[in-house]
Amino acid sequence: MAEESPGPRVRLPQLRLDELLGEVQARLDAARGTRDRVHSLLEAVLAVGRELDLQQALHGIVEAAAVLVDARYAALGVIGPDGRRLSAFHTIGVSDEQIAEIGPFPEGHGILGELIRHPEPLRLTKLSEHPASYSFPPHHPPMNSFLGVPIRVREQVFGNLYLTEKRGGAQFDEDDESVLSTLAVAAGVAIDNARLYEESRLRERWLRANAEITHSLMSGTGRSDVLGLMAERAREITGAARAVVAVPLDDGVSLRVELATGEGADELGGLVLKVGESLLGRSYSTAAPAFWADLPADGGGLPDDVSLLPGRGPAVAVPIGDGGQGVRGVVLLARQAGGSAFTGEETEQLQAFAAQAAIAMELAERRRDAEQMAVLQDRDRIARDLHDLAIQRLFATGMTLQSAGRFIEHPVAADRVMRAVDDLDQTIKIIRSTIFGLRARVGEGAAGLRSRLVGVAGEAAPVLGFAPGVRMEGLVDTVVPAGTADDLVAVLSEALTNVARHAHADRVDVIVETDGRTVRLTVTDNGVGLTPGGRRSGLRNMSERAEQRGGALRLAVPPDGGTALTWEVPLPAEG
């Protein structure tokens with residue numbers, strides 16, 4: 001019996017089983033890799049979103065970006081206020097030693113600048129082949145593959161993520177670009193949250209500082225102390241290296257540094273600057289903020305107050321008060337060289353803070369006015385009592401002695417009585433002169449020359465470290481005209497400022513004397529004397545003031561050392 005022939009055979013596809021299994025395994029690995037990458041991306045988004053400190057958030061974003069795309073080097077560049085340069089740079093993969101060898105962080109030239117000018121994802125196989133590429137500085141690690149994406153915060157480009165050198169020699173692909181773009185979106189939200197949190201904390205610090213100043217005002221703290229507190233708090237909050245407060249002098253063209261805090265502040269007290277030639281003066285004359293973001297390295301066009309700026313770093317000067325009520329002074333904040341420029345928001349907060357200083361000065365002036373009024377009223381009462389009581393009784397006593405002298409036969413006794421009468425006459429003249437001085441300028445609403453000079457000496461005491469001695473002889477308040485008095489006050493202020501800055505003295509004596517024909521100011525200190533080759537701008541100003549009024553300025557060295565400055569001018573004859 002014959003065997004049955006087998007039926008038709010089923011032919012399988014021409015694939016070997018191991019190839020089929022390999023493809024299935026590859027697809028499974030790809031799916032697993034995609035799942036793991038999505039999981040890593042979600043973890044990165046959550047990680048950067050939890051951080052509220054801005055600097056920590058930026059550092060976390062750079063770390064997450066490097067891990068997600070497996071890059072050896074990563075950086076986040078923050079675009080500065082000008083929109084053209086990088087103001088901050090956060091890196092991963094480069095050690096501190098390498099950074100020190102490479103030099104300053106990039107500002108946004110070459111490929112980095114390309115991404116600033118065109119904020120779109122940029123992926124390169126080889127950095128050096130791009131037209132905008134620059135050569136790397138010495139000691140910079142080699143970099144070839146590149147991936148960059150912008151970070152936007154509320155539709156504004158905040159900065160860019162830069163990734164280079166994918167590990168294993170591979171190239172960045174579309175998946176890397178997609179993952180990094182997704183991270184950039186999450187980073188923008190995280191940065192916005194961190195900035196809002198930082199701004200709220202900053203506003204809280206300003207509010208606390210304002211409350212501290214208000215408490216000081218209400219407790220009667222003096223003007224200088226309140227201004228010092230204001231300057232110190234502003235410096236701390238803004239991270240400035242130095243804060244300076246300057247006030248105008250009576251000449252109307254100069255500002256004097258009343259106080260300074262921070263680095264090198266001890267050397268600045270009493271510095272006098274011309275209004276038209278300084279950053280402080282620009283803010284004072286325009287009643288508006290004045291900025292200096294980047295001082296030129298060659299020194300060209302520098303203001304007179306460049307010495308106030310540590311390392312010629314960015315600075316802002318803000319007026320104390322406004323144009324309507326008059327600018328009472330200027331506060332200047334300066335950062336170290338290389339520091340960030342002051343933003344509009346920082347300046348706005350500083351202006352509000354300076355308004356507190358204006359209130360401090362206003363209240364201090366009101367208190368001084370009230371005290372001055374009380375003093376004037378007391379002086380008027382004393383003058384009235386001297387006139388109505390003391391002079392009348394002295395006059396009556398003199399008349400009595402004069403009448404009694406006619407009956408004294410002893411010549412020596414009679415002569416003594418007449419001399420006593422003459423002494424009484426002289427005493428009456430002195431008292432009348434004192435009465436006239438007490439009542440002088442009471443109705444003019446202005447302080448007399450004596451009180452102005454004493455005030456200048458008192459204001460110089462904190463800068464000098466001690467109170468200068470002041471002595472006045474003659475009718476200073478009555479015979480010195482207003483113009484000469486203004487010059488006298490300005491010269492004394494300049495002289496005491498020079499002593500504070502250069503003399504290193506521990507004693508200063510001020511003498512103002514007039515005989516009705518001339519007025520003479522003498523300022524003597526026991527310091528180191530005149531320094532050869534030192535600046536003479538202050539002495540030149542004082543000499544010019546004297547020459548304009550037909551007088552002269554003289555410098556001498558007292559027997560026991562130091563310097564004696566004499567400023568003397570003639571007084572106009574009474575017409």
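The following sections treat a sheet with its packed helices and then a pair of helices, all in a predicted model.

## The sheet

Six strands form an open sheet in the order S8-S7-S6-S11-S10-S9, and their pairing is antiparallel. At the edges lie strand S8 (272–274) and strand S9 (290–292), each of which pairs on one side only. On average, and with direction ignored, neighbouring strands of this sheet are turned by 25 degrees against each other.

Strand S7, which spans residues 254–262, runs antiparallel to S8 and is joined to it by three bridges; within this part of the sheet, Leu255 stands opposite Leu273 in S8.

## Helices on the sheet

Helix H6 (residues 223–238) packs on the sheet, where it touches strand S6 (242–248), S7, strand S10 (315–320) and strand S11 (329–334), and its direction makes about 60 degrees with that of S7. Helix H7 (residues 279–286) also packs on the sheet, touching S6, S7, S8, S9, S10 and S11, while its direction makes about 155 degrees with that of S9.

## The helix pair H10 and H12

Helix H10 (residues 449–464) packs against helix H12 (residues 482–503) at an angle of about 15 degrees, and their axes are 10 Å apart. Because angles under 35 degrees count as roughly parallel, H10 is roughly parallel to H12. The crossing in which H10 passes H12 is right-handed.

The residues of H10 that meet H12 include Leu449, Arg452, Leu453 and Val456, and among their counterparts in H12 are Ala485, Asp486, Leu488 and Val489. Sorted by class, the contact of H10 with H12 has 14 nonpolar, one polar and two charged residues.

Conventions:
Residues are numbered from 1 along each chain as its sequence is written. This is a predicted model: local features need pLDDT of at least 70, side-chain atom pairs count only at pLDDT 80 or more; totals for chains, interfaces and linings use all residues. Side-chain values use heavy atoms; hydrogens and water are left out. Two strands pair if DSSP finds at least two bridges between them. Helices (H or I, at least four residues) and strands (E, at least two) are DSSP runs, numbered from the N terminus. Axes are lines fitted to C-alpha atoms, for helices over the stretch in contact, and angles run from 0 to 180 degrees between N-to-C directions. Contact means heavy atoms within 4.5 Å. Angles under 35 degrees count as roughly parallel, over 145 as roughly antiparallel, 65 to 115 as roughly perpendicular and the rest as oblique. A crossing is left-handed if the near helix is turned anticlockwise from the far one by less than a right angle, and right-handed if clockwise. Ala, Val, Leu, Ile, Met, Phe, Trp, Tyr, Cys and Pro count as nonpolar, Asp, Glu, Lys and Arg as charged, and the others, Gly among them, as polar.
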